[in-house]
Amino acid sequence: MPVFLRFSRGVDALNEWIAGRVIWLVLLVTLISAGNAIVRKVFNTSSNSLLEIQWYLFSAIFLLCAGYALLRNAHVRIDLITSRLGARGTAWVDILGTLFFLLPAAAMIAWFSWGVFVEAWQSGEVSANQGGLIFWPARLLVPVGFGLLILQGLSELIKRVGFLTGHLAAPVTQVDGPSEEEALAEEIRRTRKLDANEGSAEGGAQ
Amino acid sequence: MIAFLTANIAPLMFGAMVLLLLLGYPVAFSLAACGVIFGLVGIELNLLPATLFQAMPDRIWGVMSNDTMLAIPFFTFMGLILERSGMAEDLLDTIGQLFGPIRGGLAFAVIFVGAMLAATTGVVAASVISMGLISLPIMLRYGYDKRLASGVIAASGTLAQIIPPSLVLIVMADQLGRSVGDMYKGAFVPGLVLTGLYTLYVIGVTIVRPKWAPALPAEARTIREDNGDVGLRSLFVLVAVAVAAALAFMNTALPAAIMSAMRRDVVEHVALDEAIVIGMCVWALVAYVCAQANSSFKLGLLSRMAERFTFVLIPPLALIFLVLGTIFLGVATPTEGGAMGASGALFMALARKRLSLAQLRQAMESTARLTTFVVFILIGSRVFSLTFYGVDGHLWVEHLLVNMPGGHLGFLIFVNVLIFVLAFFLDFFELSFIVVPLLAPVAEKLGIDLVWFGVLLGINMQTSFMHPPFGFALFYLRSVAPRAIRTTDIYWGAVPFVLIQIIMVCLVIAFPQLVNVGLDKTQEVDVDKVEINIQDDSQPAEVPSELAGSAPAAEESAPASDAGNDDIMKSFGSAK
């Protein structure tokens with residue numbers, strides 16, 4: 001088991017590290033798209049490569065974060081039944097789901113998309129749009145993203161088994177720090193208090 | 001056995017999907033697995049070609065190069081940045097003070113601010129949390145009924161779902177194969193009518209149960225002049241002057257000139273919604289210049305209330321123009337509008353020094369996480385539909401629903417009851433990725449306008465935020481509400497607004513023109529043409545001349561605009 005747990009921790013760290021870099025693409029693609037829109041309007045020019053790079057980056061975000069989203073347990077579930085099963089029951093659902101749902105489907109997609117990538121790499125496939133980008137980097141994102149997802153699936157599998165066998169205290173890696181919503185609430189409370197202390201115009205009735 | 005399987009594979013697959021989803025494993029992977037399992041069964045039974053799964057990379061490629069879905073991270077990012085910028089708090093403070101001393105005033109302020117925030121972003125959580133922390137304590141302090149107070153906050157927060165720009169409309173546009181711009185235009189009037197219905201309900205409450213929504217004492221207004229005057233007259237004068245200026249401006253030739261410059265084309269007639277957008281801009285600009293001059297030069301002509309009111313309204317109005325204005329004017333595609341809105345929100349948050357590196361990281365992380373799980377449901381549903389369509393599952397569903405008693409209306413009633421019930425258990429992403437694609441072909445076959453259908457379902461799905469006990473808006477409100485409010489208060493408070501939602505669904509069915517009034521305009525076709533030309537045309541410089549040719553024809557007759565929609569369908573079809 002210790003070997004497996006080390007592997008699991010390694011995968012978690014890898015996906016965490018990758019996501020920490022990839023999230024900056026959100027800012028990058030926003031600025032590119034806004035800049036492109038303004039340039040298109042003001043100077044009446046545009047280029048297909050600027051349009052295409054946007055969905056390259058968009059794809060990079062969700063494919064390279066696929067493992068990370070699984071690590072963070074971000075995928076929506078219909079927890080009508082699981083919410084009544086308790087932690088051990090949910091761990092069993094996750095084990096079965098990972099083994100029979102996630103891993104086979106992800107492996108299949110990774111396998112087929114790898115073939116498509118190799119083809120694009122060898123043929124030097126380029127976008128049909130004039131001035132468009134070369135396709136293989138985007139084609140490569142699919143097998144890489146699903147590869148990361150498979151790795152994370154194995155890690156989650158190990159963690160659930162570790163939890164059921166008593167090697168781990170919690171089945172899901174706990175997120176350190178507050179959630180987005182908690183952070184927002186905390187932020188508003190903090191600034192409110194500051195306002196009140198400063199005795200600014202908002203004080204009084206608030 | 002095998003004969004039974006062969007004959008009934010579509011219903012079996014549908015049943016298996018429901019069971020697999022109910023297991024509680026993430027929806028994205030359960031859907032994909034269901035597609036894979038039944039795909040293998042289908043290949044084994046010779047119902048499907050052995051090469052079926054080779055189409056999978058193509059499906060994923062279609063999701064990746066999908067310009068519509070690109071709007072999701074933009075609008076999410078914009079909402080997350082905006083919620084940290086302090087804009088919501090400023091609005092709630094000032095509007096609350098302005099309306100507070102009339103009966104039900106705080107509730108009106110919450111609805112007004114809710115609609116305002118909804119028009120800048122599509123994030124429900126942020127509105128509910130800000131209102132729950134800022135307005136709810138004041139409402140309780142001055143004796144508002146707990147249920148009314150929590151209900152009006154939860155419901156106003158969910159307005160972000162239906163008033164564009166909203167995420168659900170983007171997903172719906174993708175699933176229905178319509179343009180996001182059309183969905184936004186179609187949803188705009190219903191969103192406003194719904195806001196009006198909320199307001200009417202509160203007015204009703206102040207008449208029947210005045211104690212539930214008392215007026216605040218005049219002392220509650222802290223924004224006032226040194227001599228104690230509230231300065232309302234000054235505010236009215238400022239608003240009147242700005243409106244007069246805007247109306248005068250609209251009567252000149254300038255609006256047409258502006259439209260011509262923006263479209264790089266001769267525009268002689270400015271459509272009503274374009275006129276409203278431009279008029280609002282002039283109105284806001286005049287008010288802003290007056291207030292800024294008054295504040296910079298210490299003229300003392302305006303009261304503090306008038307000045308503050310102008311200053312808190314300008315940022316959201318500017319963002320609304322940047323996003324919705326440009327989309328409605330046909331200057332930007334919804335995706336571009338989202339990116340410009342997000343950049344504008346970033347700029348505003350930086351200018352107010354309200355954005356730290358940690359907050360930026362958190363906003364980007366949340367955006368990446370949400371984008372990932374949303375796109376993965378889409379991928380899962382594409383893998384599912386690859387097999388489901390392969391075994392003619394869509395025909396089975398169609399058969400089932402087309403023969404519904406009551407025809408057209410029977411179908412609509414069935415669909416809305418279904419969505420309403422499912423909304424207790426599923427959120428709107430699940431509903432729009434799993435249920436909507438099954439319904440859309442049937443609706444189209446029955447001759448139902450898909451934009452209208454999407455807006456209708458969007459209004460219905462809004463209830464998924466308000467249904468006790470799982471509704472997210474209720475959940476967020478609970479997390480920030482004072483202890484004095486019991487969870488049952490929040491649940492009961494939501495009930496009248498769920499009923500209003502049902503009334504709204506009926507209204508949209510009875511009066512389809514609520515949705516269509518925003519459509520059937522020249523520039524509706526223009527937005528789409530712009531979108532397509534930039535993608536397909538290698539020489540964007542030629543776009544304007546093409547538009548000049550197509551625009552007048554589209555204005556004359558509805559069929560021309562339908563043809564435009566068909567083009568979109570084709571382009572969407574090929575993208576998928």
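At roughly what angle do the axes of helix α7 and helix α15 of chain B cross?

I noted first that this is a predicted model, where local features need pLDDT of at least 70, side-chain atom pairs count only at pLDDT 80 or more, and totals for chains, interfaces and linings use all residues. Residues are numbered from 1 along each chain as written, chains are lettered from A, and side-chain values use heavy atoms without hydrogens or water.

Entry 1, helix pair. I looked up α7 (residues 105-120) and α15 (residues 304-328) of chain B: the axes come within 8 Å and cross at roughly 40°. Axes are lines fitted to C-alpha atoms over the stretch in contact, with angles from 0 to 180 degrees between N-to-C directions; helices are DSSP runs of H or I, at least four residues.

I found F112(B), M116(B), A119(B) and T120(B) of α7(B) meeting residues of α15(B), including L313(B), P316(B) and I320(B) (contact: heavy atoms within 4.5 Å).

I list 79 residues of chain A in contact with 93 of chain B. The area buried between the chains is about 7800 Å², with 69% from carbon and sulfur atoms (accessible area lost, 1.4 Å probe, summed over both parts).

I count one between chain A and chain B; E336(B) and R40(A) meet in a salt bridge at 2.8 Å, N to O. The count over all chains is 18.

Definitions and conventions. Helix = DSSP H or I, 4+ residues; strand = E, 2+ residues; numbered from the N terminus. Buried area = accessible area lost by both parts, 1.4 Å probe. Salt bridge = Lys/Arg side-chain N within 4 Å of Asp/Glu carboxyl O.
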